[in-house]
2 protein chains.
Amino acid sequence: MKEILGGVTAAKGFMAASCEANIKYKDRTDMAMVYSKTPCVCAGTFTTNVVKAACVKWDQKVVHSGEMMQAVVINSGIANAATGQKGWDACVATAKAVENTLKVPYTSVAVASTGVIGAQLPVEKLVKGVEMMSPVLKDSLEAGTEAAKAIMTTDTLHKELAVSFTVGNKEVTLGGMSKGSGMIHPNMCTMLAFLTTDLAIEKSLLQEAVSDVVGDTFNMITVDGDTSTNDTLLLMANGEAQNPVITEKNEDYNTFKEALYFVCETLAKKMAADGEGASKLFEAKVVNAKTKEDAKILSRAIVGSNLSKAAIFGCDANFGRFLCAMGYSGSLFDENDVEMFFKSENGTIQVFDKGTPLEFDEEKALKIMKAKSVCVFVDMHEGDASATAWGCDLTHEYVTINADYRS
Amino acid sequence: MKEILGGVTAAKGFMAASCEANIKYKDRTDMAMVYSKTPCVCAGTFTTNVVKAACVKWDQKVVHSGEMMQAVVINSGIANAATGQKGWDACVATAKAVENTLKVPYTSVAVASTGVIGAQLPVEKLVKGVEMMSPVLKDSLEAGTEAAKAIMTTDTLHKELAVSFTVGNKEVTLGGMSKGSGMIHPNMCTMLAFLTTDLAIEKSLLQEAVSDVVGDTFNMITVDGDTSTNDTLLLMANGEAQNPVITEKNEDYNTFKEALYFVCETLAKKMAADGEGASKLFEAKVVNAKTKEDAKILSRAIVGSNLSKAAIFGCDANFGRFLCAMGYSGSLFDENDVEMFFKSENGTIQVFDKGTPLEFDEEKALKIMKAKSVCVFVDMHEGDASATAWGCDLTHEYVTINADYRS
């Protein structure tokens, strides 16, 4: 497997476009479209929030119907959540607009939205956006990059990635884009992510691979503990690589899953590092826990704690806050088993040793904490399960962004 | 029942003292002591955090042993959590110092600490503090107020309260003090609270009343979602009011419980309003939920969400964030049943009506949100259970306080 340039248009047969639809933002693109020249098998994961955006309900129908998927239309600015019948009608109208312009069944068109909850989408603008984008769909890498930019909200960087790998002597490509930033908390894929591949694979195996990988990647990041109403990950596979169709969990399947893991983990980490107001990537790695579930709960509690996040912002090796977060996480453990370390490119320091706080060199600790990416490493000594979670620091900028009127 | 002046020394037979022990803070009092002239039955509730401070473990032993309690010694600055054997030894040494100075069994002395986790307490300073305070214990209201000040950390106001009521023709007094501010999240009583009463009551009934009331008061507040290692509430009852001892759940018991509820709710709201960096009290009232548990989960999710808290700070009637928090709370409901309102002393406005967002007067909404105390009122229309939770807004000041080195 190797990383290559590009995002959603890297794989064969995929095209993208974007436009200024003026839904909420002015003077920037706010709609994007991804289209496959041929129908795709598809898989998806969605928010577990009880209040689901209309587009999430629509996409669940498309993915679970067993139909093929051929296009996805995304807008930023308004989330189309808590919008009742009108919200649902907006999804149908958008999908039907694609049926009109591209002559694909509207039931093969996914839609996704991100932005303010509780506001109605301007349907005419969405339809006009589809009409503007359809004729200018391009398979260039640049078109993919522009799409990744159009779906941003408070993100400061667009996020895209592609890899290539070999399956049955054929070169296969997998690419994707995502957006995150606020209302980011692991429970189902977090935020919006769209992946495309030219791999040939059966739908049920595609879904299984996606569900497995999302659990260890997108579901392990948190920015603010708020699980959005709109979280959606979609993966479209059009088979254009012409590899022998993957129909069982053989070596080819594993090769693909490894590539998928890499793409999802990388996009997830990019999202965590670019969380609203974030100045650093904050990683928690828990090893030798009793069970995988314990390792996940503990690592997520560490990166999810406001006090931990504020300490990371302040470059303060205040390890008691991390241990406190582990303690209220819901996982049971004995603090007398626990060792804790801080790690970064600037070194490693142990701060807690099986129930006892260690005297440590504050200057060395400060140097370690000042890196752009800081890891809290915890050895539980209670089993052999591990997990890693990613988050970011809590900064003044986070408050500024979110106290801003109707951000 | 009527509110009267004072706090922990309002009830008959209780004395308090405080001193500058220089444990971590300089030029302020940082130790306090509450003492009853006669032995007390006692009740307590403690943090559910797996990582419990040494003093919590000590107090659990004192409360659950069935022994009487006669004194409690409190320090601010260092939490004595994650401190191993040394931490435990510090508790024993402090209790024994009280045995030396006041001639009460050291097993009747509770200890409590608040501050940095993972640092060791300077035992000599604690012992010296006990020696300084013991001879100057006073039953004046002022001594109680000074004790309430000594236990503050990042609190901006000291918190105390007292009420009197009649039981069996005798006037009974119940008073208390508490401290909160950071690492405040409902799961067991939150923070430190010390209540004193001259009521005569059986220990098991006292504990039952405390456990019941804490569930609807202290456990319904949140500042930052971090459940501390040190949360402790202690209630001492010395019987000096000479009412007929309460031995069953009769009218007297109910009178007392009502007073206890008032004191706990008032102290809890004071804590929420004075949360770290807070500029307002943020209340969520959920009515007509399926079960009491649902009502609690939903109201706590609303006041616990960072995005909700930031919206409250920004005076933004961004109701989608509140609905989103309800959606990921873990409680199941249908958004098509839900009505949501914003309320304050400046008026009431409905923003969501059974699945549909309402167009509302933004100017009126802004005026409502600008009050010092704002309530999100949610009618679930799914049952008849209600609950109220209290929190505060998320401000720049919160980040400043907690990014400060080893705060």
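Predicted model: local features only at pLDDT ≥ 70, side-chain atom pairs only at ≥ 80, totals over all residues.
Local features are described where pLDDT is at least 70 and side-chain atom pairs count only at pLDDT 80 or more, while totals for chains, interfaces and linings use all residues. Residues are numbered from 1 along each chain as its sequence is written, and chains are lettered from A in the order in which they are written.

Let us begin with chain A, which has 11 helices and 15 strands; helices (H or I, at least four residues) and strands (E, at least two) are DSSP runs, numbered from the N terminus. Its radius of gyration is 22 Å, close to the 22 Å that the globule rule gives for 407 residues, so chain A is as compact as a globular protein of that length. That radius is taken over C-alpha atoms, and the rule is 2.2 Å times the number of residues to the power 0.38. Along its principal axes, the C-alpha trace of chain A spans about 70 × 55 × 35 Å.

Of the 407 residues in chain A, 62% are buried. A residue is buried if 20 or more other C-beta atoms lie within 10 Å of its own, exposed if 12 or fewer, and partly exposed in between, with C-beta atoms placed from the backbone. Among the contacts in chain A with a separation of 6 or more, 80% join residues 24 or more positions apart; a contact here means that the two C-beta atoms, placed from the backbone, lie within 7 Å.

For a contrasting spot, turn to A:Thr166, which sits in strand 6 (residues 159-167) of chain A. With 13 C-beta neighbours inside 10 Å, A:Thr166 counts as partly exposed. Leaving aside neighbours within four places in sequence, A:Thr166 is in contact with A:Glu171 and A:Val172.

Now to the meeting of the chains, where 53 residues of chain B are in contact with 54 residues of chain A. On the chain B side, the elements giving two or more residues are helix 8, helix 9, strand 13 and helix 11 of chain B. Helix 9 of chain B supplies the largest share, 8 residues. This side divides into 25 nonpolar, 21 polar and 7 charged residues, where Ala, Val, Leu, Ile, Met, Phe, Trp, Tyr, Cys and Pro count as nonpolar, Asp, Glu, Lys and Arg as charged, and the others, Gly among them, as polar.

One helix pair spans the two chains: the axes of helix 8 of chain A and helix 11 of chain B come within 8 Å and cross at roughly 70°. That makes helix 8 of chain A roughly perpendicular to helix 11 of chain B. Axes are lines fitted to C-alpha atoms, for helices over the stretch in contact, and angles run from 0 to 180 degrees between N-to-C directions; under 35 degrees counts as roughly parallel, over 145 as roughly antiparallel, 65 to 115 as roughly perpendicular and the rest as oblique. Here A:Leu307, A:Ala310, A:Ala311 and A:Phe313 meet B:Val399, B:Asn402 and B:Ala403.
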